[in-house]
Amino acid sequence: MKTILLDDFLDDGIIREKSFRKMVKEHDMKQYDGEKVIIKGCASVTVPTWAYLIIATELTKHAKSIYFGESCSAIKIFQI
């Protein structure tokens, strides 16, 4: 299972919508083709709900299934 850490999308230590959308668009989503992917639920900063929705939307084009949370208690949010 591949993991997406939302800390990788921070702009000066916070999540800003404009830069977040740009980083998601530039992120190589093809690496998740046919993979199980977990969006890590914890980050060093507060993550707005829209950030999870944006990244999950992009992942649905590539991933076999998408989970949210921690590996030991992940919640499935999408499956082909």
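Predicted model: local features only at pLDDT ≥ 70, side-chain atom pairs only at ≥ 80, totals over all residues.
Residues are numbered from 1 along each chain as its sequence is written, and side-chain values use heavy atoms, with hydrogens and water left out.

Let's start with the sheet. It is open, has four strands in the order β1-β2-β3-β4, and its pairing is mixed. Strands here are DSSP E runs of at least two residues and helices are H or I runs of at least four, numbered from the N terminus; two strands pair if DSSP finds at least two bridges between them. At the edges sit β1 (2–4) and β4, each pairing on one side only. On average, neighbouring strands are turned by 25° against each other, direction ignored.

Now go across it. β1 and β2 run parallel and are joined by three bridges, with isoleucine 4 opposite isoleucine 39 in β2. Next, β2 (residues 36–40) pairs with β3 in the parallel sense over five bridges; one landmark is lysine 40, whose bridge partner in β3 is glycine 69. The pairing of β3 with β4 (residues 75–79) is antiparallel, over four bridges, and tyrosine 67 stands opposite lysine 76 in β4. A hairpin of five residues connects β3 to β4. As for β3 itself (residues 65–69), four of its five residues are buried, meaning under 20% relative accessible area with a 1.4 Å probe, protein chains only (exposed is over 50%, partly exposed in between).

On to the helices. α2 lies across β1, β2, β3 and β4, at about 170° to β2; angles run from 0 to 180 degrees between N-to-C directions, with axes fitted to C-alpha atoms, for helices over the stretch in contact.

In α1 (residues 17–26), Ser19, Phe20 and Val24 are buried. They share a side of the helix because they cover an arc of only 135° around the axis, taken from the directions from the axis to the C-beta atoms. Lys18, Lys22, Lys25 and Glu26, on the other side, are exposed.

What covers those buried residues? α2 (49–59) is included in the cover. The axes of α1 and α2 come within 11 Å and cross at roughly 20°, which makes the two helices roughly parallel (the label for angles under 35 degrees; over 145 is roughly antiparallel, 65 to 115 roughly perpendicular, the rest oblique). Contact, meaning heavy atoms within 4.5 Å, involves Glu17, Phe20, Arg21 and Val24 of α1 and Trp50, Ala51, Ile54, Ile55 and Glu58 of α2.
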